[in-house]
Amino acid sequence: MNVPAQLRFTAEHEWLDIEGDCATVGITAFAAEALGDVVYVDLPAVGSSVAAGEACGEIESTKSVSELYAPADGDVVEVNQAVVDDPGLLNLDPFGKGWLFRMRVANIPALHDAAAYKSLTGGE
Amino acid sequence: MNPSGHSWRRTPLHDVHAALGASFTGFAGWSMPVRYSSEIAEHKAVRSAAGLFDLCHMGELELTGREAGAALDFALVGRPSKLGVGRARYSMICAEDGGILDDLVVYRLAEERFLVVANAANVLVVRDALNERVSGFDAEVRDASDDWGLLAVQGPISAAIVSEVTDLDVSALRYYAIDEAVLAGAAVLLARTGYTGEDGFEVYCRPEDAETVWSALIEAGTQRGLVPAGLACRDTLRLEAGMPLYGQELSRQVTPFEAGLGRVVALDKDGGFVGDAALAARHNAGTRQTLVGLVSAGRRSPRAGYPVLDPSTGMRIGRVTSGAPSPTLGHPIAMAYVAVGRDEPGTRLAIDIRGAAEDVEVVALPFYRCSR
């Protein structure tokens, strides 16, 4: 499975693209594949504060629903309206156009790098 | 869970699915293709053209003997002895207390030969129950699950596809009929049955012929829009068609009457049948809960296990058994058991969706009916 090397990952299959104190957050291709066709994305409101590990949204597919966990402490500064309008973007381009939200992170938590995440998901 | 791992049984078509890039899921001990690319696309293909399913995990039990029909009348809730040769019937096998052990399709292949098709998860239960129940009859049960591969072609153009690769006059094969045929050189049983709410066929073949049959159907159908279809879309297709699934709508805890399938129970059979007293009592007393369809205008879908609520009091009056966003209808649909009295179409109810009450309305099943 293709895992972009510049990203960092949580055990809940979220990815973070960290630039300074700002992180773009999405879910991995592995997670999108496991969910199946995503039909509904519920994201945290812009301006809301989230805490690492806390449920801050939902991703619903035809088969199942799964919670979206905040990967770090911080404030949500932007959400991807395109993926709300067209949740299929999560399946088409989970590491790109399917990004979910941007947040200002209070501190950078311990995260997996691409190699560690790959081995976490069976090394495929 | 690693459904591609060694502890899961593989169908004869496993390598074909893997080559197509399928995702696999563990299902009733089998590693089965859950989707090849997009389950919504596969679902829509079955509604508009056709889909090809691997159902080799299903269980096949053969009953033979002079009293095979009478033995099945005693073992099941229906009356298979009245089936004509070459015809099929949906039926159930119940416990003494009326609880459903499995739902089945029964085919009469010859005067003294029946094929009983069981859900993969229930094959052993059904086999053991049949063995026990036929003991007083001149009939024999054989678990033939390893002798049969099963593929399904489902969708409005499936007749056109199947007729291209078989010698049989497909137009003469009626709904819920079965006949011997040669398909792509393989001897098969071709049945006009399915679990999607569309016209379609189920092909029973030797396991070693499964790949040949699969390839021939793909070759004949791809140009017309046939796609390989996985278990994920099979579930949303049957849900739209209002068809119950064992383990969801059907279980040991309910009788056919709660499930709205009282029509399959022949209470007036001569000689009785296993579960008859309990089922007659349930029929006469009436049920306290019944299976209904629910629709929602919202985006979040009810899911199996979610509580059904009275919208004014918040009191729990039922539970969801299956739910999903309907790919055909574009809104969430669900089946649920609700208290009798709250089951009339048009009744407003609510679902507790992870802590938030979502309004739903009771509708008559099925949600979707094909324009046959």
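This is a predicted model: local features need pLDDT of at least 70, side-chain atom pairs count only at pLDDT 80 or more; totals for chains, interfaces and linings use all residues.
**Helix packing, domains and the chain contact**

How do the two helices lie? Helix H2 of chain B spans residues 39-48, and helix H7 of chain B spans residues 231-240. Their axes come within 8 Å and cross at roughly 55°. The crossing of H2(B) past H7(B) is right-handed.

Now step back to the whole chain. Chain B has three assigned domains. Domain 1 is built from two segments, 9-56 and 148-240. Domain 2 covers 59-146, and domain 3 covers 288-363.

Consider domains 1 and 2 of chain B. Their centres, taken over C-alpha atoms, are 24 Å apart. Domain 1 of chain B puts 10 residues into contact with 11 residues of domain 2 of chain B. What is the makeup of the domain 1 side that touches domain 2 in chain B? Seven of its residues are nonpolar, two are polar and one is charged.

The last stop is the contact between the chains. Chain A supplies 10 residues, and chain B supplies 14 residues. On the side of chain A that touches chain B, three residues are nonpolar, three are polar and four are charged.

How values were computed. Residues are numbered from 1 along each chain as its sequence is written. Chains are lettered from A and ligands numbered from 1 in the order in which they are written. Two residues are in contact if their C-beta atoms, placed from the backbone, lie within 7 Å. Ala, Val, Leu, Ile, Met, Phe, Trp, Tyr, Cys and Pro count as nonpolar, Asp, Glu, Lys and Arg as charged, and the others, Gly among them, as polar. Axes are lines fitted to C-alpha atoms, for helices over the stretch in contact, and angles run from 0 to 180 degrees between N-to-C directions. Helices (H or I, at least four residues) and strands (E, at least two) are DSSP runs, numbered from the N terminus. A crossing is left-handed if the near helix is turned anticlockwise from the far one by less than a right angle, and right-handed if clockwise. Domain bounds come from an automatic or database domain assignment.
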